[in-house]
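Here is my note on the chain you sent. Keep the structure open while you read, and look up each residue as it is named.

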Amino acid sequence: MKRKLNQLLLAILIAFAFGCSKDDSIQSKLTLEGKQVSQVFEDGQLTTRYTYKPNGLLDTVHFYSKFFASGLFATSEYNSDNLIASQEYYRNTSEGPIPTGSITFSYSNGMVVEYSSINEKNTFKYENGKCVEWSRYQDDILEEKKSFIYDQNGNIKEELKTDYDNGELFVKIKIEYEYDSNHSPESYIYQLTPGFPTSQNNITLRNQTVIDSAPGTSFFVADSKYEYEYDLDGYPIKSIKSYMADGDWIQDTVTEYTYF
């Protein structure tokens with residue numbers, strides 16, 4: 001359980017690529033486009049809150065979860081190109097914030113090639129300016145690998161996800177995506193970590209197929225669909241996730257977004 005919670009925390013921190021500038025006088029060298037997401041709610045409960053610097057860079061991200069009742073928050077520092085260079089994350093306590101870990105990003109030609117924490121390392125490979133492979137290592141042992149194929153709009157249309165057990169194949173899953181033509185709420189934030197595998201539009205359908213697994217194992221995967229309500233600028237203000245079970249779509253999670 002502890003390992004799963006640590007992985008969950010790391011995934012949350014990276015997925016939203018949060019950060020804060022060391023110096024408010026620094027002006028971003030990036031041309032940041034789109035709306036800044038402010039708050040995210042799941043099933044009516046606040047899960048994430050964002051604040052931003054005057055120059056458009058993220059300031060602080062606060063996380064709220066049943067797994068972390070006291071709350072978490074994260075700050076980051078930028079390199080000279082105003083890309084996320086390192087992240088520090090903290091747990092709130094009655095005696096004040098306690099550091100719980102850090103992540104460091106490395107870039108090559110302006111693209112993320114690695115991020116790492118104490119025991120974990122994530123590496124990226126590129127073709128034609130797009131990330132085509134993402135590998136995760138724990139204590140230098142391969143634990144997970146993902147490969148990506150993109151559509152003409154820059155969305156991930158196919159993902160091959162392989163999990164390993166002590167470096168050996170555990171399960172390999174093929175995931176196929178469909179999208180709408182509207183803005184993703186995370187598209188603004190992902191501009192701060194160029195090359196990070198993401199999509200520009202919103203997922204409407206996620207189909208999963210197990211294509212290989214370790215001898216003696218079996219796995220069940222469920223397809224998911226997403227329905228949205230949008231604001232006048234084409235950004236989602238609500239999404240409803242459902243999963244397929246026994247031939248029927250079962251509603252799972254309602255997510256709501258607010259923007260600055």
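1. Start with a charge over a ring. Lys 121 lies over the face of Tyr 137, at 5.4 Å from the ring centre. A charge sits over a ring if NZ of Lys or CZ of Arg is within 6 Å of the ring centre and within 35 degrees of the ring normal. Lys 35 also lies over a ring face, that of Tyr 259, at 5.5 Å from the ring centre.

2. A word on the source. This is a predicted model, in which local features need pLDDT of at least 70, side-chain atom pairs count only at pLDDT 80 or more, and totals for chains, interfaces and linings use all residues. Residues are numbered from 1 along each chain as its sequence is written, and side-chain values use heavy atoms, with hydrogens and water left out.

3. Now the overall layout. The chain has one helix and 16 strands. Helices (H or I, at least four residues) and strands (E, at least two) are DSSP runs, numbered from the N terminus. Of the 260 residues, 42% count as buried. Buried means under 20% relative accessible area, exposed over 50%, and partly exposed in between (1.4 Å probe, protein chains only).

4. How much of the contact count comes from residues 24 or more positions apart? They account for 43% of the contacts in the chain with a separation of 6 or more. Contact means heavy atoms within 4.5 Å.

5. Next, the core. The largest nonpolar core has 36 residues. Such a core is a set of buried Ala, Val, Leu, Ile, Met, Phe, Trp, Tyr and Cys residues joined through side-chain atoms within 4.5 Å. Among those with the most contacts inside this core are Val 37, Leu 58, Tyr 115 and Phe 124. Strand β12 (residues 168-179) gives the largest share of the core, five residues. In soluble globular proteins, nonpolar side chains tend to be buried together.

6. Look at Val 37 in more detail.

7. Turn to the aromatic rings. Rings of Phe, Tyr and Trp (its six-membered ring) pair if their centres lie within 6.5 Å; planes under 30 degrees apart count as stacked, over 60 as edge-to-face and the rest as tilted. The count comes to twelve aromatic pairs. One of them is Phe 105 with Tyr 115, a tilted pair with 5.5 Å centre to centre and 40 degrees between the planes. Phe 105 is in strand β6 (residues 98-108) and Tyr 115 in strand β7 (residues 111-116), ten residues apart. Phe 105 is buried at 7% relative accessible area, and Tyr 115 is buried at 4%. Salt bridges come next. The structure holds 13 of them. A salt bridge is a side-chain nitrogen of Lys or Arg within 4 Å of a carboxyl oxygen of Asp or Glu. Asp 231 forms one with Lys 35, the closest N and O atoms being 2.7 Å apart. Asp 231 lies in the loop between β14 and β15 and Lys 35 in the loop between α1 (2-16) and β1 (37-42), so the pair ties together parts that are 196 residues apart in sequence. Lys 35 forms another with Asp 233, at 2.9 Å between the closest N and O atoms. Asp 233 is partly exposed, with a relative accessible area of 46%.

8. Which strands does the bridge between Glu 158 and Lys 174 tie together? The two side chains meet at 4.0 Å, N to O. Glu 158 lies in strand β11 (residues 156-165) and Lys 174 in strand β12. Glu 158 is partly exposed at 25% relative accessible area, and Lys 174 is partly exposed at 28%.

9. Last, two loop residues. Asn 82 has a positive phi of about 60 degrees although it is not a glycine. Asn 82 lies in the loop between β4 (68-78) and β5 (84-91). Asp 246 has a positive phi of about 55 degrees and is not a glycine either. Its loop runs between β15 (236-245) and β16 (248-259). Are these residues buried or exposed? Asn 82 is buried, at 1% relative accessible area, whereas Asp 246 is exposed, at 82%.
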